[in-house]
Amino acid sequence: MVVLSKGDHVWVDSSTGVPIGAQVKVTDGEQLQLLDDEGKELCVSEGQKASIKPMHPTSVEGVDDMIKLGDLTEAGILRNLLIRYKQGAIYTYIGSVLVAVNPYQVLPIYTAEQVRLYHGRRLGELPPHVFAIADSCYYNLRRNQRNQCCVISGESGAGKTESTKLILQFLAAVSGQHSWIEQQILQANPILEAFGNAKTVRNDNSSRFGKYVEIFFNKEGIIEGAHMEQYLLEKSRVCHQAKMERNYHIFYCILSGMPKEQKSLLSLGDATEFNYLTEGDCISCEGQDDADEFSRIRMALKVLTFTEKESWEIFCLLAAILHLGNISFEAGSENNMDSCDVLPSNHFTVAAKLLEVDKLALDMSLTHRTFMANRERLTKPLSSEQAVDGRDALAKAVYSRLFMWIFGKINSAIHKATTDASCTLRTIGLLDIFGFENFSKNSFEQLCINYANEQLQQFFVEHIFKLEQEEYLKEGITWKNVSFTDNQRTLELLARKPLNILALIDEESHFPKASQKSAIELFKLHILRISLL
């Protein structure tokens, strides 16, 4: 039995299933009085003492590299991060992996002086910092002449996008040129955040797309250019938002920052006038000045060589999307089939004008469906509900194509193909992955996002646990096997060929009378079949 004294630190069971740290306050006969890390007082009876475990000294004050932890458990890791966070240290290492805890405030630790301090220093020589990881990438690139990659993952609101921007800032600073191309790479951020970020219930500036950035360096370590890839844009947000969430920032920035004369040309007013901006009952975002942000976006567009004509056409398309959302339909009947008509409104007229399409053609495309049957082109009227879905699909498609075009335009500015065959460029890749989320109601898009995160989790499991322990076996090293949660079965359930959840969703969507109920029954049969294997 462990003998405890006043001031000792221990682990006690908690309601979450993960032990929590506590300090002994009173040892009075048969009872112990503890004060846990959440500030709650606990009384432990004689019968409960057996469940109390002494805390390793490294877990009492915390360590800057969690490989040094004596209590290398989930509880030990969480307490270490908590202690360091209370000390104002938001960064902690696990070997070469950096764990960052979002402080939700601006810290004075990203200055030019900090860049100089961490440049050229070995990892672990100074306190943990995102600049240390960036410098490690840069050092290995130059010393070994090998491409590098930095994976930035975490739940929504953890600070992934900010970490990506800080690494780019560091690399631009240490490359030594301070050239125009470096400024262009940095100026891509305001544009991408405006078109791809939105306010959610968990994060005021949540990235609703994934991004992979490759920065190209010459043999002297100078930035020569960059290339960006985007994936999994949350298109549904263009038409629908959850309560207390906003559409993409760019819509509110235009309405707040665009001059009145230009807004008049686009027939734009206030955000409260548009259906696509009001479903979440949230128009403003605390701490963000949409008008000021619009000025930054306009400046960034100029830096990245968008012409005035191209910028204006972007705004025309965004305005057209807002007007599309205000188009309504009246139910009717045509040849004994449900049909509908577009209700006359200025929004319909403006949308057609901004999209540069004929009004009759737009009317027909919104209220009818055209399909091929026996090599014959047939047209069928849509019900008012189907027309609304079609209208939303059009709005999402326009925004998605616009988003991809903007990426292409940015890439043409920041990536110039070299004509010198002898010039070999090395790259540092930055993967800014979507945050894993679990809502009360999850869309298909969220399933795809979470699947991407599950794949990333498997990557970490593969490299940190599986491969390392296999290496220990090969080298004959004696060690205690580390147990871990392997999510391979989850990945196989979602996407293992030939039959998986994603394939079943695709198959079910082809049936005209498919429903959520029929899809769920199909999933149950599939899961039952797997369990019998």
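Predicted model: local features only at pLDDT ≥ 70, side-chain atom pairs only at ≥ 80, totals over all residues.
Student: How are H12 and H13 oriented to each other?

Tutor: Helix H12 (residues 346-355) packs against helix H13 (residues 359-367) at an angle of about 110 degrees, and their axes are 9 Å apart. H12 and H13 are therefore roughly perpendicular to each other.

Student: Which residues meet there?

Tutor: H12 contributes Phe 348, Thr 349 and Ala 352, which meet Lys 359, Leu 362, Asp 363 and Leu 366 of H13. By class, the contact of H12 with H13 has 4 nonpolar, 1 polar and 2 charged residues.

Student: And at what angle do the axes of H7 and H11 cross?

Tutor: The axes of helix H7 (residues 249-257) and helix H11 (residues 308-324) cross at roughly 105 degrees and come within 11 Å. H7 and H11 are therefore also roughly perpendicular to each other. On the H7 side the contact is made by Ile 250, Phe 251, Ile 254 and Leu 255, and on the H11 side by Phe 315, Leu 318, Ile 321 and Leu 322.

Student: How many of the residues in the contact of H7 with H11 are nonpolar, polar or charged?

Tutor: The contact of H7 with H11 has 8 nonpolar residues, with no polar and no charged ones.

Student: What about H6 and H14, are they parallel or antiparallel?

Tutor: The axes of H6 and H14 come within 10 Å and cross at roughly 175 degrees. That makes H6 roughly antiparallel to H14, because angles over 145 degrees count as such.

Student: Which residues of H6 and H14 meet?

Tutor: From H6 there are Ile 181, Gln 184, Ile 185, Ala 188, Ile 191, Leu 192, Phe 195 and Gly 196. From H14 there are Tyr 399, Leu 402, Phe 403, Ile 406, Phe 407, Ile 410, Ala 413 and Ile 414. By class, this contact of H6 with H14 has 14 nonpolar, 2 polar and no charged residues.

Student: Changing topic: how many aromatic pairs does the structure hold?

Tutor: The structure holds 10 aromatic pairs. One of them is formed by Phe 209 and Phe 407; the pair is edge-to-face, with 6.1 Å centre to centre and 80 degrees between the planes.

Student: Which parts does that pair tie together?

Tutor: Phe 209 lies in the loop between strand E10 (206-207) and strand E11 (210-217), and Phe 407 lies in helix H14 (residues 384-414), so the pair ties together parts that are 198 residues apart in sequence.

Student: How many cavities are there?

Tutor: The count comes to 4 cavities of 30 Å³ or more. The largest cavity has a volume of about 60 Å³.

Student: Which residues line the largest cavity?

Tutor: The lining consists of Thr 161, Asn 189, Leu 192, Glu 193, Asn 197, Ser 207, Phe 209, Lys 211 and Asp 432. Helix H6 (residues 180-196) supplies the largest share of this lining, 3 residues. By class, the lining of the largest cavity divides into 2 nonpolar, 4 polar and 3 charged residues.

Student: Now the backbone: is the peptide bond from Lys 497 to Pro 498 cis or trans?

Tutor: The peptide bond from Lys 497 to Pro 498 is cis, with omega near 5 degrees. Pro 498 lies in the loop between helix H16 (488-495) and helix H17 (501-508).

Student: And is phi of Ser 267 positive or negative?

Tutor: Phi of Ser 267 is positive, near 55 degrees. Ser 267 is found in the loop between helix H8 (260-265) and helix H9 (275-278). Most residues other than glycine have a negative phi, and most peptide bonds are trans.

Technical notes:
Residues numbered from 1 in each chain as written. Heavy atoms only, no water. Axes fitted to C-alpha atoms, helices over the stretch in contact; angles between N-to-C directions. Helix = DSSP H or I, 4+ residues; strand = E, 2+ residues; numbered from the N terminus. Parallel < 35°, antiparallel > 145°, perpendicular 65-115°, else oblique. Contact = heavy atoms within 4.5 Å. Nonpolar A, V, L, I, M, F, W, Y, C, P; charged D, E, K, R; others polar. 1 Å grid on protein atoms, 1.4 Å probe; cavity = no way out; pocket = protein on both sides within 12 Å on 5 of 7 lines; lining within 4 Å. Points joined across faces, edges and corners; volume = space filled by probe spheres on them. Phe/Tyr/Trp six-rings, centres within 6.5 Å; stacked < 30°, edge-to-face > 60°.
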